[in-house]
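Me: I have a structure here that I have not seen before. Can you walk me through it?

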Amino acid sequence: MVEDGLRGSGSPTDAGRAPRSGFDVARRGYDRAQVDEYFALPAQRRPDRPQFDLVRRGYDRRQVDEAITLARAAGPHPPTP
């Protein structure tokens, strides 16, 4: 469940990176520091199957999973806009 007033404002798919404002924060979600660290890595160095801890007030799991799927589809070198 996403908490009101905590929605991120960017697109999590922009060049395979998390938006600057982050993903929505849920009551139980993926550890925010781990997700941020994952998206900070160059695409070719990201693990194929990242495993994030579930924590209180973490990033929305569905949004993170979708962003990872879209980043993989874009490949290691996403096109330049």
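Reply: One term before we start: buried means under 20% relative accessible area, exposed means over 50%, and partly exposed is in between, with a 1.4 Å probe and protein chains only. This is a predicted model, where local features need pLDDT of at least 70, side-chain atom pairs count only at pLDDT 80 or more, and totals for chains, interfaces and linings use all residues. Residues are numbered from 1 along each chain as its sequence is written, and side-chain values use heavy atoms, with hydrogens and water left out.

Me: OK. What share of the protein chain is buried?
Reply: Of its 81 residues, 28% count as buried. The accessible surface comes to about 5800 Å², and carbon and sulfur atoms hold 46% of that surface. Those areas come from the Shrake-Rupley method with a 1.4 Å probe, and for residues only the protein chains shown count as cover.

Me: How many helices and strands are there?
Reply: The protein chain has 2 helices and 2 strands, in the order β-α-β-α from the N terminus. Helices (H or I, at least four residues) and strands (E, at least two) are DSSP runs, numbered from the N terminus.

Me: Which residues make up the largest nonpolar core?
Reply: There are 10 residues in it: Phe-23, Tyr-30, Val-35, Tyr-38, Phe-39, Phe-52, Tyr-59, Val-64, Ala-67 and Ile-68. Helices α1 (32–40) and α2 (61–74) are the elements that give two or more residues to this core. A nonpolar core here is a set of buried Ala, Val, Leu, Ile, Met, Phe, Trp, Tyr and Cys residues joined through side-chain atoms within 4.5 Å.

Me: Why would they gather like that?
Reply: In soluble globular proteins, nonpolar side chains tend to be buried together.

Me: Tell me about Ala-67. Where is it found?
Reply: Ala-67 is in helix α2, and it is buried because its relative accessible area is 1%, under the 20% limit.

Me: Now the rings. How many aromatic pairs are there?
Reply: The count is 5. Rings of Phe, Tyr and Trp (its six-membered ring) pair if their centres lie within 6.5 Å; planes under 30 degrees apart count as stacked, over 60 as edge-to-face and the rest as tilted. One of the pairs is Phe-23 with Phe-39, which is tilted, at 5.9 Å centre to centre and 45° between the planes.

Me: What does that pair tie together?
Reply: Phe-23 lies in the segment before β1 (25–30) and Phe-39 in helix α1, so the pair ties together parts that are 16 residues apart in sequence. Phe-23 counts as buried at 3% relative accessibility, and Phe-39 does at 6%.

Me: And Phe-23 with Tyr-59, which kind of pair is that?
Reply: The ring centres are 5.3 Å apart and the planes are at 70°, so the pair is edge-to-face. Phe-23 is in the segment before β1 and Tyr-59 is in strand β2, so this pair ties together parts that are 36 residues apart in sequence. Ring pairs link Phe-23, Tyr-30, Tyr-38, Phe-39, Phe-52 and Tyr-59 into a cluster.

Me: What else is Tyr-59 in contact with?
Reply: Leaving aside its neighbours within four places in sequence, its contacts include Gly-22, Asp-24, Tyr-30, Val-35 and Val-64; contact means heavy atoms within 4.5 Å. Tyr-59 is buried, with a relative accessible area of 8%. The C-alpha atoms of Tyr-59 and Tyr-30 are separated by 5.0 Å, although the residues are 29 apart along the chain.

Me: Asp-24 came up there. Is it buried or exposed?
Reply: Asp-24 counts as buried, at 2% relative accessibility. Its side chain makes a polar contact with the side chain of Gln-63, at 2.6 Å. A polar contact is a pair of N or O atoms within 3.5 Å; within protein, one must be able to donate a hydrogen and the other to accept it, and residues adjacent in sequence count only if both atoms are side-chain atoms.

Me: Different topic. What is the phi of Arg-57?
Reply: It is near 55°, a positive value in a residue other than glycine. Most residues other than glycine have a negative phi. Arg-57 is in strand β2 (residues 54–59) and is partly exposed, with a relative accessible area of 38%.

Me: Last one: where does Gln-51 lie?
Reply: Gln-51 is in the loop between α1 and β2, and it is exposed, with a relative accessible area of 73%.
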